[in-house]
Amino acid sequence: ANVVTRVVDQLKEFGETRRGWLGVRIQDVTEDVADAMGLKEATGALVTDVPDGPAKQAGLKTGDVIMSFDGVAVVDTRSLVRQVGNSPVGQTVRVTVMRENKSQTLKVTLGRREDADGEVAVAVPGEEDTPPATPETTALMGLTLTPLTDDMREELGADAGMEGLAVTEVDETSEAFEKGLREGDIITEAGQQKISTIAQLEERIEDARDGGRKSLLLLVRRAGDPRFVALSLGDN
């Protein structure tokens, strides 16, 4: 009833509906993602991308976990999308995030969802100029990986400046395969730090182990769409 009342009031005043727009892509925080990030509970909405918009202007970043919106706890992506959509355009709200295990509160002035071509709080369903003749290839965590080259960027439809590791093969018996990683995916971050070489990924794995983590958080891009995946470290 409250939603209907808001819609009717907006139609009377503006002749159209006007819903709040935060401007982030998000995914749920699962138990393994929470472990990889050092979070106490699997709650909140994990930011996978921050395109130009209100959130970016306010300082939100990829990897932030949104814990509350306008004083209301965020349980998961669905609750955040509902809260944002029900908020008035132009309202300035406090958004509390966990960033590097520290709580921060940012003030965001909401934009208009209808002007954003669908970019709202969007829940996710989940390089050198002259590359070497033989790119470095390594198998880790069930993935065969190689640093991106210009040819690979073009083939995979990646931006010219993107750095990361291309997945060239996935062991079908691995956890990585079970969690949806596939050939052609690009890993751009590990442990919430950018990576572009195999050595950097190995360092992130060791850092996670040294920190007592059971899994490592990867930022994976496919056809430009980002999502976080936590993979168990095991004995890799």
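What is the volume of the largest pocket?

Author: Quick housekeeping before the tour. You're looking at a predicted model, in which local features need pLDDT of at least 70 and side-chain atom pairs count only at pLDDT 80 or more, while totals for chains, interfaces and linings use all residues. Residues are numbered from 1 along each chain as its sequence is written, and side-chain values use heavy atoms, with hydrogens and water left out.

Now to your pocket: its volume is about 930 Å³. To find such places, a 1 Å grid is laid over the protein atoms alone, and a pocket is an open set of points where a 1.4 Å probe fits, with protein on both sides within 12 Å along at least five of seven lines. Points are joined across faces, edges and corners, and the volume is the space filled by probe spheres set on them. The idea behind it is simple: rolling a probe the size of a water molecule over the atoms shows where empty space is left.

So who lines the place? A lining residue has an atom within 4 Å of a point, and there are 41 of them here, with Glu 189, Gln 192, Gln 193, Lys 194 and Leu 219 closest to the centre. Sorted by class, the lining has 15 nonpolar, 13 polar and 13 charged residues. In that sorting, Ala, Val, Leu, Ile, Met, Phe, Trp, Tyr, Cys and Pro count as nonpolar, Asp, Glu, Lys and Arg as charged, and the others, Gly among them, as polar.

Several elements join in. Helices (DSSP runs of H or I, at least four residues) and strands (runs of E, at least two) are numbered from the N terminus. Helices H2 (31–37) and H7 (198–210) and strands S6 (92–99), S13 (186–190), S14 (193–194) and S15 (215–222) each supply at least two lining residues. S15 gives the most, with 6 residues.

Let's zoom in on Gln 192, one of the residues closest to the centre. Gln 192 sits in the loop between S13 and S14. Its phi is near 60°, a positive value in a residue other than glycine. With 34% relative accessibility, Gln 192 counts as partly exposed. That means it falls between buried, under 20% relative accessible area, and exposed, over 50% (1.4 Å probe, protein chains only).

S6 is another contributor worth a visit. Thr 96 belongs to this strand and is buried, at 17% relative accessible area. Its side chain makes a polar contact of 3.1 Å with the side chain of Thr 105. A polar contact is a pair of N or O atoms within 3.5 Å; within protein, one must be able to donate a hydrogen and the other to accept it, and residues adjacent in sequence count only if both atoms are side-chain atoms. Val 97 and Met 67 are 30 residues apart in sequence, yet 5.4 Å apart in space, C-alpha to C-alpha.

Ile 66 is in strand S4 (residues 65–69) and is buried, with a relative accessible area of 0%. Contact here means heavy atoms within 4.5 Å. Leaving aside neighbours within four places in sequence, Ile 66 is in contact with residues including Leu 80, Val 95, Thr 96 and Val 97. Leu 80 is one of the buried residues of helix H4 (residues 77–85). Asp 76 caps the N-terminal end of H4, with a side-chain oxygen 3.3 Å from the backbone nitrogen of Arg 78.

One last stop, back towards S15. Val 229, in strand S16 (residues 225–232), is buried at 3% relative accessibility. Beyond its neighbours within four places in sequence, Val 229 is in contact with Lys 179, Leu 181, Leu 216, Leu 217, Leu 218 and Val 220. Lys 179 is 50 residues from Val 229 in sequence, and their C-alpha atoms are 7.4 Å apart.

To place all this in the whole, the chain has 7 helices and 16 strands, and buried residues make up 44% of its 236 residues.
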